Structure formats: structure tokens, C-alpha cells
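Have the viewer open and follow along.

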Amino acid sequence: MKRHRYIVDDVAALIRTRDVIAEIGLPSTIAGIADRARVNSPDGCNRVYTAIMNLALAGEIDLDLSKPFSMATEVRNRRR
């Protein structure tokens, strides 16, 4: 998870990812959010995946930690 922290800020991916989460609601999967976001990423990179990891590290969302991270990982509302 920590290896997906930004080296360079990607505000556009964060904003689009937040917008998609607000549109579709949670729970969802990383794949569901990424498919809906349609953010262009360079080969070997997924900007939405990185944005989701950053949102989780910032405490804005929760991820299913019971399995290794993948595109099928469930994204949930933050437990308060």
C-alpha cells in the first residue's frame, strides 16, 4: 500500500476517483471505480489504483484487508 504513495501529486486522479466514489457509492471494488473513472495511465501504472491507496492511507475510505490487494479488493465507507 505504501509503495503507491505519490512521488508527484496527481490531483486530477484523486478528484476523479472521489467523484466516481460519490457517484456510484460504496461498497465497490477497485476495478469498478477504475472502470468508471476512465483515467488514462501510462503502461504498467494505474493512477486510480494509486489514488484509492492514497485515499485509504489518508483515512477517507477503508479497504478489505482480509486478502492481498488486487483490482477485486472491496472499497468501503470509512468506519467511524
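Thr17 sits in helix H1; helices here are DSSP runs of H or I with at least four residues, strands are E runs with at least two, and both are numbered from the N terminus. With a relative accessibility of 0%, Thr17 counts as buried, a word used for residues under 20% relative accessible area, while exposed means over 50% and partly exposed lies in between (1.4 Å probe, protein chains only). Beyond its neighbours within four places in sequence, Thr17 is in contact with Ile33, Val48, Ala51, Ile52 and Leu55, where contact means heavy atoms within 4.5 Å.

Before going further, a word on the basis of all this: the model is predicted, local features need pLDDT of at least 70, side-chain atom pairs count only at pLDDT 80 or more, and totals for chains, interfaces and linings use all residues. Residues are numbered from 1 along each chain as its sequence is written, and side-chain values use heavy atoms, with hydrogens and water left out.

Now step back to the helix that carries Thr17. H1 covers residues 11-24, 14 residues in total, and reaches 20 Å from its first C-alpha to its last. That is close to the 20 Å expected at 1.5 Å a residue, the expected span being 1.5 Å times one less than the number of residues. Its buried residues are Ala13, Leu14, Thr17, Val20 and Ile21. Seen down the axis of H1, these fall within an arc of 130°, so they line one face of the helix; the arc is that of the directions from the helix axis to the C-beta atoms. Among the elements that cover these residues are helix H2 (30-37), helix H3 (47-57) and strand E2.

H3 deserves a visit of its own. Why can H3 be called largely enclosed by the rest of the structure? Because 9 of its 11 residues are buried. They are Val48, Tyr49, Thr50, Ala51, Ile52, Met53, Asn54, Leu55 and Ala56, and they pack against H1, H2, E2 and E3.

Two strands count as paired if DSSP finds at least two bridges between them. E2 and E3 pair over 3 bridges: Leu63 stands opposite Val75 in E3, and Ile61 has Asn77 of E3 as its bridge partner. E1 and E3 pair over 2 bridges, with Thr29 opposite Glu74.

What gathers in the interior? In soluble globular proteins, nonpolar side chains tend to be buried together. Here the largest nonpolar core has 20 residues, and Ile33, Val48, Ile52, Ile61, Leu63 and Val75 touch the most other members. Such a core is a set of buried Ala, Val, Leu, Ile, Met, Phe, Trp, Tyr and Cys residues joined through side-chain atoms within 4.5 Å. H1, H2, H3 and E2 are the elements that give two or more residues to this core, and the largest share, 7 residues, comes from H3. Ile33 shows how the parts meet: leaving aside neighbours within four places in sequence, its contacts include Thr17, Val20, Leu26, Val48, Ile52 and Val75.

Finally, look at the backbone in the loops. Most residues other than glycine have a negative phi, and most peptide bonds are trans. H1 is followed by Gly25, whose phi is positive, near 75°. The peptide bond from Leu26 to Pro27 is cis, with omega near 10°, and Pro27 is found in the loop between H1 and E1. Arg38, in the loop between H2 and H3, has a positive phi near 50° although this residue is not a glycine. At 72% relative accessibility, Arg38 counts as exposed. Phe69, by contrast, is partly exposed at 30% and lies in the loop between E2 (61-63) and E3 (74-77). Phe69 and Ile30 are 39 residues apart in sequence and 9.3 Å apart in space, C-alpha to C-alpha.
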